[in-house]
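Visitor: I have a structure open and would like to learn how to read it. Could you walk me through some features?

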Amino acid sequence: MERKISALHYLIGYAAIVVLVSLNLGLSFLDLGATGLFLTGLLSAASVIVVVLVFMHLLEHAPTVLLVVVSGVFFLALLASLMILDVVARAPEGQPSPPPDTMQERG
Amino acid sequence: MNHDETAERMAPDELDYLRVERGLWSWLTTTDHKRVGILFLISTTIALFLGGMYAMLLRAELVQPARDLFDAAQYNRIFTLHGVIMVFLFMIPAIPSGFGNFLLPIMIGAKDVAFPRLNLASWYIYLFGAVWIFVSLFGGGIDTGWTFYTPYSTTSPSAVLPATIGVFIVGFASITTGLNLIVTVHTMRTKGMRWHDMPLFVWSIYATSVIQILATPVLAMAILLVAVDKALTIGIFDPAVGGDPVLFQHLFWFYSHPAVYIMILPAMAVISEIVCTFSRKNPASYRAIAYSSIGIAFTGFLAWGHHMFVAGIATIDAAIFGVLSMFVALFSAIKVFTWVATLYRGSIRFDTPLFYFFGFLFLFVFGGMTGVAVATQSLDVHWHDTYFVVAHFHFIMVGGTISAFLGALHYWLPKMFGRMYNEKAGFFGATAVFIGFFLTFFPQFLLGNAGMPRRYYSYPEQYQPLNMLSTGGAWLLGIAILFSVVNLLVALKWGRKASANPWNSRGYEWTTRSPPPKHNFVGTPVFNRGCYEYALNEDEADARVTTR
Amino acid sequence: MRASPLAEHFADLRTQRHALQFGMWLFLVTEVLMFGALFVLWATYYQNHAVDFRAAAQHNSLWRGSLNTYILVTSSFTAGIAVWAVQHDRSKLAMKLLGATFALGVIFLVIKATEYAGHFEHGIFPGRHYRFEELMTQGAVLFFSIYFVLTGLHVVHLLIGLGVLLWMMRNLRRRRFTAEYHAGLELGTMYWSLVDIIWLVIWPLLYLVR
């Protein structure tokens, strides 16, 4: 039968998440600009990871499942990067870039 | 020892899956993956003809430059419905949910898929989604193009809401099939079968399923946002409230580009099987084909922005997408070369499925190369939204996928129904499909390059001769597909009874009876030889397949 | 002797359990990607509307949102411990824990409802219906459109989760979950934790970035 997990395991996980959530809440009262945003992201990601590993038992499930989860996150990150790059790298004020310069007369 | 004896040994005296239970109710409540596969094949083929009907209508309008049969508004609805029905109700589900469901468990020696009831549910989800699309159809249809671009889709007076709901729902049928097949491959391979013992068909369907899982949810969100905007004017992409319509395109194409690999990978799955059987040879490189499937699935996700080169995205973004788009072609090319190398020095058997492969080979390569062409940003500026692009994707979707689909129907008809089709008629149909296809779509490359825009119901006079040729070709293509399908239907009733393995294939699905019994094999099949191992003689090959 | 929960097409119970877990993870990944698309949309719009987004977030009730976060995290814990309880043959405790999870979920909904009521009172509605005079920027309208879609979808998933909890409690009462085999319980609590992790991303995006 599968290895039984101890109740302590869950309690530690819960405590960790409560700490992370509280830290995140506290952080929101400080005005740290971009660093603050980055830290918020980090703390949120950490709490999600703990829930996934402990309460959703990813630690116990097959390694293949890890590949599934990592793939999902990877492709989401890909979507985010290229979408954000688009918006950030456009001409000023988020306007669309002018069309490429090919306005030659068509034959 | 002949094949029928092997089949009897693998699945002794049992009623086959068609006869074990009879009546409509037994079909509507089945959990047998083979029956679910057939249900999907029937529904998707009906969708094929419905989508095809819309194609014939729009080609009819394009015979003459001026408006003759339809005005602009009606024409927009016709090409939109053609696209929506073809893409979502045929191209995406037909091979994976049809042939994938039927064959994959048998090919890995399993009794069924991992979740048989979920499998049946996926068919009902598909039907429910199709119903919503029909509601839209009867409500006057939609005129947004199958791509639903905002802000037109959220402001169009046409029946966008039921259509988007339908597409959303059908997406879940796709996800559930993918989920089921992935779990099946991971957990239900028969004793002794490692990943590298699996038929190549399974690798490609597996890769397809991975794309279905990872890409479809993003479409679900994109289309949900359009539906929600239509229903409640929430306007996330509405410029009037600061929304950016291009962001819809990002989300839409993040799915829809990988989606085209959902459409071609299963076709490639079929082709791998046909090539090996009809050349009686091992694939020139098993790993090349297997890993290329994964390669296509992965690189397919990197390319979506190439649909948006002229949509106003940042130049650096477009440049990145242009480069990334090239990688998919590498893996497709590896497959093509490997298939051709497999044929070399094979013992070629010229039957209908192989003729569909020949058609596939020529048309897919054409389509693929023009794909690389339009992925080149500087060229796409000229070709975007012209008939050049239309020709490119039809070469792949029809020339590629539909050729493979028809080839699969002919190849596996004897396995599924125990009947053989008329070979002369099959050959005739395959040839007519190829000629009809080429006449329809090759002129469209020329038209597009000459500047004819897509989705227009009228055009300048100088484009007429090529348009007439294209419409003529479309008629031939339509009749040829109809003829081929009728030939198969005739075979169901009156065809010669097929033996267990009429093609003399070494594939695992051919070791059981035709049609197979409900649980495919009796006990656990053990395959002590490869599924492409033609080097062994017949008796040895048969003897190595046992059951326990 | 009860009938075995083993389905006829699986080789054994272990394979069945493994298949169910794997299938559930695949499903959860699709949910993550679906909500993820919305998160990405928030992040993309944030690039050009950072000031407006932060201003708008200040009009969300931080204490309600944060309380809800603690509530969901706790409910995720009680759901996880319920599995432990069944593994150790303590069905009565498991039942209480599932009940507590359910109750926490309901409290979440009540708090959310008061939040929505507060928004509507101020004229904060999604998209074109927005009429909050104090904050009439495009960024604010976009922010709240995303807010309503995200939290609305989350509520739908939470309601489904409540249904799943009821189903699990019913099965527990009928002794369908044993210490040896309780795949349904594992899967159901995984779904509940999904509802939790989605909120764990919604909360910072819509409440903390202010």
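Guide: Gladly! Let us start with buried area, which is the accessible area (1.4 Å probe) that two parts lose on being put together, summed over both. The size of an interface is often given as the accessible area lost when the parts come together. Between chain A and chain C that area is about 4100 Å², and carbon and sulfur atoms give 78% of it. A:Tyr14, A:Met56 and A:Leu76 supply 14% of what chain A buries against chain C, more than any other three residues.

Visitor: What should I know about the model before going on?

Guide: This is a predicted model, where local features need pLDDT of at least 70 and side-chain atom pairs count only at pLDDT 80 or more, while totals for chains, interfaces and linings use all residues. Residues are numbered from 1 along each chain as its sequence is written, chains are lettered from A and ligands numbered from 1 in the order in which they are written, and side-chain values use heavy atoms, with hydrogens and water left out.

Visitor: How many residues of chain A and chain C are in contact?

Guide: Contact means heavy atoms within 4.5 Å. By that rule, 44 residues of chain A touch 48 residues of chain C. For chain B and chain C, the contact takes 37 residues from chain B and 32 residues from chain C. Chain B and chain C bury about 2900 Å², with 77% on carbon and sulfur atoms.

Visitor: How many salt bridges does the rule find across the interface of chain B and chain C?

Guide: A salt bridge is a side-chain nitrogen of Lys or Arg within 4 Å of a carboxyl oxygen of Asp or Glu. The rule finds one across the interface of chain B and chain C. It joins C:Arg128 to B:Asp238, whose closest N and O atoms are 2.3 Å apart. Across the interface of chain A and chain C, the rule finds zero salt bridges.

Visitor: Which secondary structure does chain C have?

Guide: Helices (H or I, at least four residues) and strands (E, at least two) are DSSP runs, numbered from the N terminus. Chain C has five helices and zero strands. Its C-alpha atoms fill a box of roughly 70 × 30 × 25 Å along the principal axes.

Visitor: And how do I read two packed helices?

Guide: Two packed helices are described by the angle between their axes and the distance between the axes. Axes are lines fitted to C-alpha atoms, for helices over the stretch in contact, and angles run from 0 to 180 degrees between N-to-C directions. In chain C, the axes of helix H1 (residues 13–57) and helix H4 (residues 138–173) come within 8 Å and cross at roughly 150°. H1(C) and H4(C) are therefore roughly antiparallel (an angle over 145 degrees). Sorted by class, their contact has 18 nonpolar, four polar and two charged residues. Here Ala, Val, Leu, Ile, Met, Phe, Trp, Tyr, Cys and Pro count as nonpolar, Asp, Glu, Lys and Arg as charged, and the others, Gly among them, as polar.

Visitor: Where is there a pair like that in chain B?

Guide: Look at helix H3 (residues 33–61) and helix H4 (residues 72–91) of chain B, which pack at about 155° with their axes 8 Å apart. H3(B) and H4(B) are roughly antiparallel too. Among the residues making the contact are B:Leu48 and B:Gly52 of H3(B), and B:Phe79 and B:His82 of H4(B).

Notes:
Angles under 35 degrees count as roughly parallel, over 145 as roughly antiparallel, 65 to 115 as roughly perpendicular and the rest as oblique.
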